[in-house]
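Reader: Please show the sequence and the structure, and then let us go through them together.

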Amino acid sequence: MSDPVGAVSAEDVKKIARLSRLHVEDDRLQPLADDLNGILAWIEQLNEVDVDGVEPMTSAVDMSAPLRKDAVTDGGIRDNILKNAPKKDDGFFVVPRSVE
Amino acid sequence: MTDLTKLTLEAALGGMAKGEFSSVELTQAHIDACAEAGKLNAFITDTHELAIEQAKASDARRAKGEAGLLEGAPLGVKDLFCTEGVKTCAASKILGEFTPTYESSVSANMKADGMVMLGKLNLDEFAMGSSNETSAYGPVINPWRKGEDLVPGGSSGGSAAAVAADLCLGATATDTGGSIRQPASFTGTVGIKPTYGRCSRWGTVAFASSLDQAGPIAKTVKDAAILLESMAGYDAKDSTSLNVAVPKWSESCGKSVKGLRIGIPKEYMIDDMPVEIQSLWDQGVEWMKEAGAEIVPITLPHTKYALPAYYVVAPAEASSNLARYDGMRYGLRVDGKDLNDTYDRTRTEGFGDEVRRRIMIGTYVLSAGYYDAYYLRAQKVRTRIVQDFENAWQTCDAILTPTAPSAPFAVGRKVNDPVKMYLNDIFTVTTNLAGLPGISVPAGLDQDGLPLGLQIIGKALDEDTVFAAASALEKAAGFTAKPEKWWA
């Protein structure tokens, strides 16, 4: 069985965490790498399957994507949209500064 | 008066139609049962006052001759379905006190049919789990007990436990890899995942969009059919919703299965299968034969690859779906030193261990360089699994298998071994990958007196046959056992 992907290192976990917008404490990197390697080793079984010439499945049911008129069907519900905001002010979401 | 909580949904609807009792009386009986059952931790949010108001309105509608399909029936709703004005949190801290200003299409259909909602049911966080132990609101405890607390299965553990304990007449649930059927098997209840696209996903918190499908957990096969008739239906707001008619599935229950060809897949005879599950499956074969069905050996050669494929596809879709929880527009926000730090802290504190683990697996398998090796390959394996079923339908009309590889296990038993936990879904996950309907029917007890289920899998859109076969199984099994009421 070919092994296209090497084992995940602590450094890889750090990178995956960054891409996932999650924080992982340094002392948790290696245990998490071991965890992921356990799962990925099990997933490696998929390499045994002959998938030559097989189309990837993209939808569970054979149907074409429905089209609708490009028209506004909803709106005017600003208060509803803001209702669950952690911070809001005067009809706006309040978020941390992202440009200095 | 008889205990109204012991009724089936069908009997309760009949009793109200005949004026034997009102929805208010029926609802109050269930509220009293819920109030005694705190130890089960089946509900995250109770809506008892609202339920009484809805029951009064329902009785008024019935008096005017305007009774809907579920008129006045007290039901539970899994806390993955958005409910207008009622907190919906998917058992996650990251949604905080999120209170939708809209209603999911499935629960809206049920409300329009007269549902009385008792509350929002506990689940695994974002439906990720097979034991209901990943909930931020604590584990649900199975009403079935053996010396120690047992899990109710998952992710729809609250739905299954509440129905098994007679806290509600039926409940909504969702199934991404087995989350309706495995808890149904663990609690002696009936659960069906219909064909993908039957129930709208609009307004249901997303986990893995190409696999997620709603369905009911109920006391009987007929009750499940009645509930599904209400839940299903075309919805333009879900682009994968199927624009097909919703049959009267309740009329398929009890239909003869004479001449029906039932496939038995040899690949489901796994190593380490408990003897009792194998013999229950053999018994199921005998029951179907006695009911006039023809038994056909079949092969589904890619079965063993279904779970590994699922654990690529589901985390990949979950990592995309859960990217929306950024602490900006709703739910939890944990302030950090800058925007990125706020994202990191919010998501790290807001998501539990299993959800974080799956987001990271998903991010990894979708990341540059690995997409082809993992995600694309898994999607091709998924096509192979679909082809297996298409070949099987050449010689059979439905498939009979066990629902789960074990009886309910003790709380805490598998929580530290993800792969072992994932194996719970070994018999159910294939139908999610292929989009097919599957139902679990309680069929017997193991030597410890714990329930075990059998599964019927059908062709796409052929829930008719699934319900007919399931009700034949139900009739032959004559499963009437109930858990001892230790929690009250």
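Reader: On what terms is the model to be read, and what pLDDT do local features need?

Author: Residues are numbered from 1 along each chain as its sequence is written, while chains are lettered from A and ligands numbered from 1 in the order in which they are written. The model is predicted: totals for chains, interfaces and linings use all residues, side-chain atom pairs count only at pLDDT 80 or more, and local features need pLDDT of at least 70.

Reader: Which element gives the most to the side of chain A that touches chain B?

Author: Two residues are in contact if their C-beta atoms, placed from the backbone, lie within 7 Å; the contact takes 37 residues from chain A and 54 residues from chain B. Helices (H or I, at least four residues) and strands (E, at least two) are DSSP runs, numbered from the N terminus. On the side of chain A, the elements that give two or more residues are helix 1 (10-19) and helix 2 (26-43) of chain A. With six residues, the most is given by helix 2 of chain A.

Reader: How many residues on that side of chain A are nonpolar, polar and charged?

Author: Ala, Val, Leu, Ile, Met, Phe, Trp, Tyr, Cys and Pro count as nonpolar, Asp, Glu, Lys and Arg as charged, and the others, Gly among them, as polar. On this basis, the side of chain A that touches chain B divides into 25 nonpolar, eight polar and four charged residues.

Reader: Is helix 1 of chain A roughly parallel or roughly perpendicular to helix 11 of chain B?

Author: Axes are lines fitted to C-alpha atoms, for helices over the stretch in contact, and angles run from 0 to 180 degrees between N-to-C directions. Angles under 35 degrees count as roughly parallel, over 145 as roughly antiparallel, 65 to 115 as roughly perpendicular and the rest as oblique. The axes of helix 1 of chain A and helix 11 (residues 353-366) of chain B come within 9 Å and cross at roughly 100 degrees. Helix 1 of chain A is therefore, relative to helix 11 of chain B, roughly perpendicular.

Reader: Which residues of helix 11 of chain B meet helix 1 of chain A?

Author: By class, this contact has five nonpolar, one polar and no charged residues. From helix 1 of chain A come A:Ile16, A:Ala17 and A:Leu19, and they meet B:Met360, B:Thr363 and B:Tyr364.

Reader: In strand 3 of chain B, which residue is the bridge partner of B:Gly76?

Author: Two strands pair if DSSP finds at least two bridges between them. Strand 1 (residues 43-46) of chain B pairs with strand 3 (residues 116-121) in the antiparallel sense over three bridges, with B:Thr45 bridged to B:Lys120. Strand 2 (residues 74-78) of chain B pairs with strand 3 in the parallel sense over five bridges. There the partner of B:Gly76 is B:Gly119.

Reader: Why is helix 4 of chain B largely enclosed, and how many of its residues are buried?

Author: A residue is buried if 20 or more other C-beta atoms lie within 10 Å of its own, exposed if 12 or fewer, and partly exposed in between. The buried residues of helix 4 (residues 105-112) of chain B pack against strand 2, strand 4 (170-175), strand 6 (213-218) and helix 7 of chain B. Helix 4 of chain B is largely enclosed by the rest of the structure because its buried residues number six of eight.

Reader: How are helix 7 and helix 15 of chain B oriented to each other?

Author: Helix 7 (residues 221-231) and helix 15 (residues 463-477) of chain B pack with their axes 9 Å apart, at an angle of about 155 degrees. B:Val221, B:Lys222 and B:Ala225 of helix 7 meet B:Phe467, B:Ala470, B:Ser471 and B:Glu474 of helix 15. The two helices of chain B are therefore roughly antiparallel.

Reader: Is B:Lys78 buried or exposed?

Author: B:Lys78 is placed in strand 2 of chain B. B:Lys78 and B:Ala173 are 95 residues apart in sequence and 5.5 Å apart in space, C-alpha to C-alpha. With 32 other C-beta atoms within 10 Å, B:Lys78 is buried.

Reader: What is the phi of B:Phe126?

Author: B:Phe126 lies in the loop between strand 3 and helix 5 of chain B, and is buried, with 32 other C-beta atoms within 10 Å. Although B:Phe126 is not a glycine, its phi is positive, at about 55 degrees.

Definitions and conventions: A crossover is right-handed if, with the strands pointing away from the viewer, the path from the first strand over the helix to the second runs clockwise.
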